[in-house]
Amino acid sequence: MRLRQIFAANLRAIRNARGLSQEDLADLAEIDRTYVSLLERCEYSASLDVVERIAIALNVEASALLDSKED
């Protein structure tokens, strides 16, 4: 799986586990809701700054968004 796909899957899973809508997350991370949607659909790639802002908003380490969980 490509890193962008891993990020998208983890972003969606963690966001849903936190009970947040895309709009809720966008507000917390101070990014546009459509950008969250594009990230989750692998249509855009996130900068490191955006990964950090999303991680802070989700209260997780940035590495959790990039972990492939494959050992």
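**Figure 1. Glutamate 30 is exposed in this predicted model.** Its relative accessible area is 66%, over the 50% cut-off for exposed residues. Glutamate 30 sits in the loop between α2 and α3. Helix α2 covers residues 22-29, and α3 covers 33-40. The backbone deserves a look here. Glutamate 30 has a positive phi of about 60°, although it is not a glycine.

**Figure 2. Cysteine 42 lies in the loop between α3 and α4.** Helix α4 spans 48-58. Cysteine 42 also has a positive phi, about 60°, and is not a glycine. Its relative accessible area is 27%. Cysteine 42 is therefore partly exposed, as the value falls between the 20% and 50% limits.

**Figure 3. Helices α2 and α3 pack at an angle of about 115°.** Two packed helices are described by the angle between their axes and the distance between the axes. For α2 and α3, the axes are 8 Å apart. The two helices are therefore roughly perpendicular to each other. The crossing of α2 past α3 is right-handed. On the α2 side, the contact is made by Gln22, Glu23, Leu25 and Ala26. On the α3 side, Arg33, Val36, Ser37 and Glu40 take part. By class, the residues of this contact are three nonpolar, two polar and three charged.

**Figure 4. Glutamine 22 is a buried residue of helix α2.** Its relative accessibility is 18%. Glutamine 22 counts as buried because that value is under the 20% cut-off.

**Figure 5. Helices α1 and α4 have axes that come within 11 Å.** Helix α1 runs over residues 3-17. The axes of α1 and α4 cross at roughly 25°. That makes α1 roughly parallel to α4. Its crossing past α4 is left-handed.

**Figure 6. Helix α4 has buried residues along one face.** The buried residues are Val50, Val51, Ile54, Ala55, Ala57 and Leu58. Seen down the axis of α4, they fall within an arc of 160°, so they line one face of the helix. These buried residues pack against α1, α2, α3 and α5 (62-66). Exposed residues Leu48, Asp49 and Ile56 are carried on the face turned away from the buried side. Asparagine 59 follows α4. The phi of asparagine 59 is positive, near 60°.

**Figure 7. Valine 50 is a buried residue of helix α4.** Its relative accessibility is 9%. Leaving aside neighbours within four places in sequence, valine 50 is in contact with Tyr35 and Leu39. Valine 50 and alanine 17 are 33 residues apart in sequence. In space, the C-alpha to C-alpha distance between valine 50 and alanine 17 is 20 Å.

Methods
Residues numbered from 1 in each chain as written. Predicted model: local features only at pLDDT ≥ 70, side-chain atom pairs only at ≥ 80, totals over all residues. Heavy atoms only, no water. Helix = DSSP H or I, 4+ residues; strand = E, 2+ residues; numbered from the N terminus. Buried < 20%, exposed > 50% of the residue type's maximum accessible area, 1.4 Å probe, protein only. Axes fitted to C-alpha atoms, helices over the stretch in contact; angles between N-to-C directions. Parallel < 35°, antiparallel > 145°, perpendicular 65-115°, else oblique. Left-handed = near helix turned anticlockwise from the far one by under 90°. Contact = heavy atoms within 4.5 Å. Arc of directions from axis to C-beta. Nonpolar A, V, L, I, M, F, W, Y, C, P; charged D, E, K, R; others polar.
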